Amino acid sequence: MEDLARALAEFVRHHQAWAAPIVMLLAFAESLAFISLLVPAWGALVAIGALIGASGISFFPVWIAGGLGAALGDWVSYWFGYRYKERVAQMWPLSRYPDLLPRGEAFVRSWGIPSIFIGRFFGPLRASVPLAAGIFEMSYWQFQIANFVSALVWSAALLLFGDVIAHAIEWVWRVV
């Protein structure tokens with residue numbers, strides 16, 4: 001997975017016009033319930049964030065693309081949970097992780113709307129919270145507002161984290 005993140009960052013370095021679409025696709029995959037369990041894309045998002053300051057890629061369009069991709073991934077996951085309810089737990093790959101949905105359900109029931117924000121930042125919860133919110137019919141509009149706001153915050157956090165790391169490494173090289 002580390003090699004894929006490095007390859008994508010290298011591609012974006014040479015083809016900066018593709019930064020926003022690639023970030024949108026990665027954020028969508030990272031937020032989509034089934035795919036995020038198989039393809040964690042956060043490393044590539046952080047690596048692309050490191051390129052933003054170093055190569056002059058504009059932050060705003062990449063940030064918005066990441067936020068939209070993440071929100072769309074959770075939107076699809078919510079819909080899937082709403083549509084298929086408890087049958088989701090028997091579907092692959094979730095059938096391989098039997099405790100994931102019950103944990104997501106307990107989390108959503110305990111925390112409500114803040115669970116959407118909190119779940120966005122924690123790997124296994126990121127995959128199960130939108131599904132659980134759909135299965136247990138969290139208010140559609142409450143979910144979507146929390147979904148889009150948290151997706152924009154999450155996208156900014158990952159991209160800025162990468163940018164901060166790049167600046168820290170640059171500073172260390174200048175000092176050494």
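Okay, let's start with two residues: Tyr-78 and Phe-143, both buried. Keep in mind that this is a predicted model. The ring centres of Tyr-78 and Phe-143 are 4.4 Å apart and the planes sit at 20°, so we call the pair stacked; the cut-off for that is under 30 degrees. Now, where do these two sit? Tyr-78 is in helix 5, residues 59–84, while Phe-143 is in helix 9, residues 140–175, so the pair ties together parts that are 65 residues apart in sequence.

For contrast, take Trp-79 and Tyr-84. Their ring centres are 6.2 Å apart with planes at 90°, so that pair is edge-to-face. Trp-79 has 44% relative accessibility, which makes it partly exposed, and Tyr-84, at 22%, also counts as partly exposed.

How many aromatic pairs does the structure hold? Twelve. Ring pairs also build a cluster, and its members are Trp-75, Tyr-78, Tyr-82, Tyr-140, Trp-141, Phe-143 and Phe-148.

Okay, zooming out to the whole chain. You'll find nine helices and zero strands. The radius of gyration is 17 Å, close to the 16 Å from the globule rule for 176 residues, so the chain is as compact as a globular protein of that length. The C-alpha atoms fill a box of roughly 55 × 30 × 30 Å along the principal axes.

Of those 176 residues, 43% count as buried. And if you take contacts between residues at least 6 apart in sequence, 77% join residues at least 24 apart.

How values were computed: Residues are numbered from 1 along each chain as its sequence is written. This is a predicted model: local features need pLDDT of at least 70, side-chain atom pairs count only at pLDDT 80 or more; totals for chains, interfaces and linings use all residues. Side-chain values use heavy atoms; hydrogens and water are left out. Helices (H or I, at least four residues) and strands (E, at least two) are DSSP runs, numbered from the N terminus. The radius of gyration is taken over C-alpha atoms; the globule rule is 2.2 Å times the number of residues to the power 0.38. Buried means under 20% relative accessible area, exposed over 50%, partly exposed in between (1.4 Å probe, protein chains only). Contact means heavy atoms within 4.5 Å. Rings of Phe, Tyr and Trp (its six-membered ring) pair if their centres lie within 6.5 Å; planes under 30 degrees apart count as stacked, over 60 as edge-to-face and the rest as tilted.
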